[in-house]
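This report considers how the parts of one protein chain are packed and paired. Please examine the sequence and the structure before reading on.

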Amino acid sequence: MQMVTRNLRFYFVAVGLLALWVGVWGYFIPTKVDQAIPWLVPPLHARFLGAMYLSGTAFMIAGVFSQKYFEVKIMVPMIAIWTGMLFIVSLFYLGEFDYSRTQVWIWFGAYFIYPAIAIWVAWTHRNLNEKGNGSSIPNWMKTYVLIQGIIVTLLALLLLFFPAMMVNNWPWKITPLLAQIYSAPFLSYGIGSLLISRMERWDEVRVVLIGTFVFAFGVFIASLIHRDLFSFANISAWVWFGGFAIASAMLGWMTQVSVRDRGAKSS
């Protein structure tokens, strides 16, 4: 049985600390989010990014406390997708960065090193086919995350390749840069959901469910805080709130089932 190594835990801690730093500034001190990222963005944008990074923190905490590699095998490629895409997207907007700021160099350094390590870890474990021993995931739940994965992956690809179109159809005002920045975590969540739909046991998906729920619920609450910025005459606002309400409820329920299953197995 392949275990989560000490070095991999150190890696999760390093990724988690950066995610926590950005998440706290973005979600709880949004007017000063540029203390953690290269740009100052409006509070709704900051809290949206904050929710993403707090979910990243949740992923890493859950990863640190995992024992077996199959518990984190979905999360590792998700890290590679998220951080690697942020690095690649940033290369197309080099003129948007103020290179006199430390945050810029941390941004480029982290998003070069983190995906490289995640890709190496995923590659070295590519032939590992160990399965969990928890309770089985019901088929209807796997169908739900499959649908969620398809929708979120499609959204991410539209943000990445058609940012101008998405700027015009987003439920609140964004720029092409932010559209493509947002595509990175959305693609990570989408691929993660597709991978969950292929798993059989709760202990294989628990870590990813925890982090994805934190994201969905965090975005839903942030959107409620800034609901005055949404135009409910636009169907995209209803899709936004409805989608995140459903995702928060479903992922929250699945998370507590997966955690309860772990407790039952350990008792």
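In this predicted model, helix α3 spans residues 75-91, a run of 17 residues. From its first C-alpha to its last, α3 reaches 25 Å, close to the 24 Å expected at 1.5 Å a residue. Because 12 of its 17 residues are buried, α3 is largely enclosed by the rest of the structure. Among the buried residues of α3 are Met75, Ile79, Trp82, Leu86 and Val89. The cover over the buried residues of α3 includes α1, α2, α4, α5, α7 and α8.

The largest nonpolar core contains 91 residues, and the members that touch the most others are Phe12, Trp107, Tyr182 and Phe186. Each of α1, α2, α3, α4, α5, α7, α8 and α9 supplies at least two residues of this core. The most comes from α2, which gives 11 residues. Phe186 illustrates such packing: apart from its neighbours within four places in sequence, Phe186 is in contact with residues including Phe48, Met52, Trp170, Phe215 and Phe244.

Nonpolar residues also occur on the surface. Val13, Leu17, Leu20, Val24, Phe28 and Ile29 form a patch there, with about 500 Å² of accessible area together. One of these residues, Leu20, lies in helix α1. Leu20 counts as partly exposed because its relative accessibility is 36%.

Charged side chains form a further set of links. Side chains of opposite charge can pair when their charged atoms come close. The structure holds 3 salt bridges, listed below.

| Salt bridge | Closest N to O |
|---|---|
| Arg206 and Glu71 | 3.9 Å |
| Asp261 and Arg206 | 3.9 Å |

Which parts of the chain does the bridge between Glu200 and Lys142 link? Glu200 is in the loop between α7 and α8, while Lys142 is in helix α5, 58 residues apart. Glu200 is partly exposed, with a relative accessible area of 43%, whereas Lys142 counts as buried at 12% relative accessibility.

The other pairs involve Arg206. For the bridge of Arg206 with Glu71, Arg206 lies in helix α8 and Glu71 in the loop between α2 and α3, so the pair ties together parts 135 residues apart in sequence. Arg206 counts as buried at 6% relative accessibility, and Glu71 counts as buried at 8%. In the bridge of Asp261 with Arg206, Asp261 lies in helix α9 and Arg206 in helix α8, so this pair ties together parts 55 residues apart. Asp261 is also buried. Through shared partners, salt bridges join Glu71, Arg206 and Asp261 into one network.

How values were computed: Residues numbered from 1 in each chain as written. Predicted model: local features only at pLDDT ≥ 70, side-chain atom pairs only at ≥ 80, totals over all residues. Heavy atoms only, no water. Patch = residues over 30% accessible without salt bridge, like charges linked within 9 Å, V, L, I, M, F, W, Y side chains within 5 Å. Areas by Shrake-Rupley, 256 points an atom, 1.4 Å probe, with all protein chains shown as cover. Salt bridge = Lys/Arg side-chain N within 4 Å of Asp/Glu carboxyl O. Helix = DSSP H or I, 4+ residues; strand = E, 2+ residues; numbered from the N terminus. Buried < 20%, exposed > 50% of the residue type's maximum accessible area, 1.4 Å probe, protein only. Expected span 1.5 Å × (residues − 1). Contact = heavy atoms within 4.5 Å. Core = buried A, V, L, I, M, F, W, Y, C linked by side-chain atoms within 4.5 Å.
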